[in-house]
Amino acid sequence: MNWTRRARILKGSMGCVVVLLLGCSSLGDLTSQFAQFDSSHKSSPQIQCASLAGVVFNSGPPSARATVLSAVEVAAGALPPSTPAPTFPPMIAAVHLPAYCKVKAVVSPSIGVEIWLPLSSWNGRLQAVGTHRFAGAVDYGDMFYQLSRGYAVASSDAGHAGQSALPWMQNTQQIVDYGYRGVHEMTVLSKAIITAFYGREKFYSYFNGCSTGGKEALMEAQRYPHDFHGISAGDPNHDQIGNRAQYIWNAQVTFQNPSTKIQPEHLKLIHQKVLEQCDALDGVKDGSIEDPRQCNFEPSGLLCTPGQSSDSCLSSDQVGALQKLYEGPRNPRTGERVYSGWSPGSELGWGGVIAGPNVFPTADLFFKNMVFKDPNWSYKNFNFDSHYQFAVSQLGAIVNADDPDLSRFEKNGGKLLHYHGWKDTNHAPMQSVDYYESVLKNLQNKGSRDQAIQRAHNFYRLFMSAGSTGCDSTGNLPTEFDPMDALTAWVEKNQAPEQIIVMHKTNGKIDRSRPLCPYPQVANYKGSGNTNDASHFACQIPSK
Ligand SMILES: [Ca+2]
């Protein structure tokens, strides 16, 4: 590496990066500049893509040293075969990729990052995309899709490569990088590289994540409020410990005991009973429950009567188990709720969790390796008092993104768009409602709840989706949308999303649509017109 030559190449077109190479600490300033700029202004590369290879970014403390491992141009073309599906799979159809500069880098000690820079027609925006599950890989599916729309895109592996649990789950630095540091360092580096490549210091920056990525999104808003102008948090797993405790709860109350096991064939039966009772509560009988909080489903209605076949009803033990699945884990000593239960209407998605014989792998890996560090640990002996408290004491401050104080993000002018599917069985949707309520409470101070809602709506909106089962939701209900459309309009044109239209398509043609409403509003049918058309619904505060 010829550092003198590097510095000369970079000098002039990217003064800030020259400063970085000299070890100046001005990058932190760069990340906190929230300015208004014209996103329609296209930028072209000011340097050769290959000239980024080998560059070292010393933007902050030595622990944040970043090295570009490679930088190569990729020709325009179709989506590579075997590309993972993006968050909303139907959107990947007909994607055509522009030519781009593909940068691979590592931030000390082991955060793998990829940053893809369009060679022409960059839309003036960075979009960082989140990870899924326990991270370990950049999210190519979402990167390709968003690159095709003109974004400079970035993703990280959050500090460890691959899906193996060990050794990273017992490495303190890598747990921290997974918990919050990896995404932040990726962001700092991505901004520096964009500035180097396009010669622009000011551009819009966005984060877009779902599931674990949704947690990363909330974590960024809470912990690094200067990183992004706009953040999209989908189906977030922001209470990671509670979420993994829920998997244990669901195992203990169902398949740990043969008498409480709920058979797969029962799920359809339970779902039908729930719909019979609750589908029409929202005024439209469409197989969907707009606001499951209004559905007070009583499982005892499924109790077998003498002589009834067990495939058409439940035993009293099974009814008890069902009740506990809806309730969610509780502390047996205090009765306090540890985490929300599943929502009525989500039953068809339960099979993978309650089939047994082992607890869901996410929970098994987490408690076995990261919490108790015991390869013989078993879900069967977990208690929701001391064991749960121990897990929170060990890791809560690192992996949970549940801080209700978003005041720094608000003050900085950031916008946070949060959405969650009511039928999500990976991350209980009530956790999103509860988090939003905790933010409202934090804002409320001495004012009224209505004032807190109004204030929150200026920078943070939550959209609950009745039909959605999670990040890659498919099915017969309208669930498809791209949060970036709403988010960029909010950030750049100050057009706050009063509603978001979700769609269902058949053979590429929209045949159902429905509005998502900013919480606490819900979509109400106006009483006439086609119920498959969003225009016949209005966003309103529920009457009770
Ligand atoms: Ca309905």
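Visitor: Where does pLDDT stay under 50?

Guide: Over residues 1–36, and the model has 54 contacts beyond four places in sequence for that stretch. Keep in mind that this is a predicted model.

Visitor: Okay, and what does the protein chain average for pLDDT?

Guide: The average is 89, and 90% of the residues score at least 70.

Visitor: How many helices and strands are there in the protein chain?

Guide: You'll find 16 helices and 16 strands. The protein chain has 544 residues, and 47% of them count as buried.

Visitor: Let's talk about the sheet. What order do its 10 strands have?

Guide: The order is β1-β2-β5-β6-β8-β7-β9-β10-β11-β12, in an open sheet with mixed pairing.

Visitor: Which strands stand at the edges?

Guide: Those are β1 (56–57) and β12 (460–465). Each has a single partner strand, so one side of each has no neighbour in the sheet.

Visitor: What packs on that sheet?

Guide: Helix α5, residues 172–198, does.

Visitor: New topic: helix α14. How far apart are its end C-alpha atoms?

Guide: They are 20 Å apart. Helix α14 (residues 430–444) has 15 residues, and at 1.5 Å a residue it should span 21 Å, so the two values agree.

Visitor: Which residues of α14 are buried?

Guide: Met 430, Gln 431, Ser 432, Tyr 435, Tyr 436, Val 439 and Leu 443.

Visitor: What do those buried residues pack against?

Guide: They pack against β11, α15 (449–457) and β12.

Visitor: How do the axes of α14 and α15 cross?

Guide: At roughly 110 degrees, coming within 9 Å. That angle means α14 is roughly perpendicular to α15.

Visitor: Which residues make the contact?

Guide: From α14, Val 439, Leu 440, Leu 443 and Gln 444 take part. From α15, the residues are Arg 449, Ala 452, Ile 453, Arg 455 and Ala 456.

Visitor: Last one: what follows α14?

Guide: Asn 445, and its phi is positive, near 45 degrees.

Key: Residues numbered from 1 in each chain as written. Predicted model: local features only at pLDDT ≥ 70, side-chain atom pairs only at ≥ 80, totals over all residues. Pairing = 2+ DSSP bridges. Helix = DSSP H or I, 4+ residues; strand = E, 2+ residues; numbered from the N terminus. Contact = placed C-beta atoms within 7 Å. Axes fitted to C-alpha atoms, helices over the stretch in contact; angles between N-to-C directions. Expected span 1.5 Å × (residues − 1). Buried ≥ 20, exposed ≤ 12 C-beta atoms within 10 Å, placed from the backbone. pLDDT = per-residue confidence, 0-100. Parallel < 35°, antiparallel > 145°, perpendicular 65-115°, else oblique.
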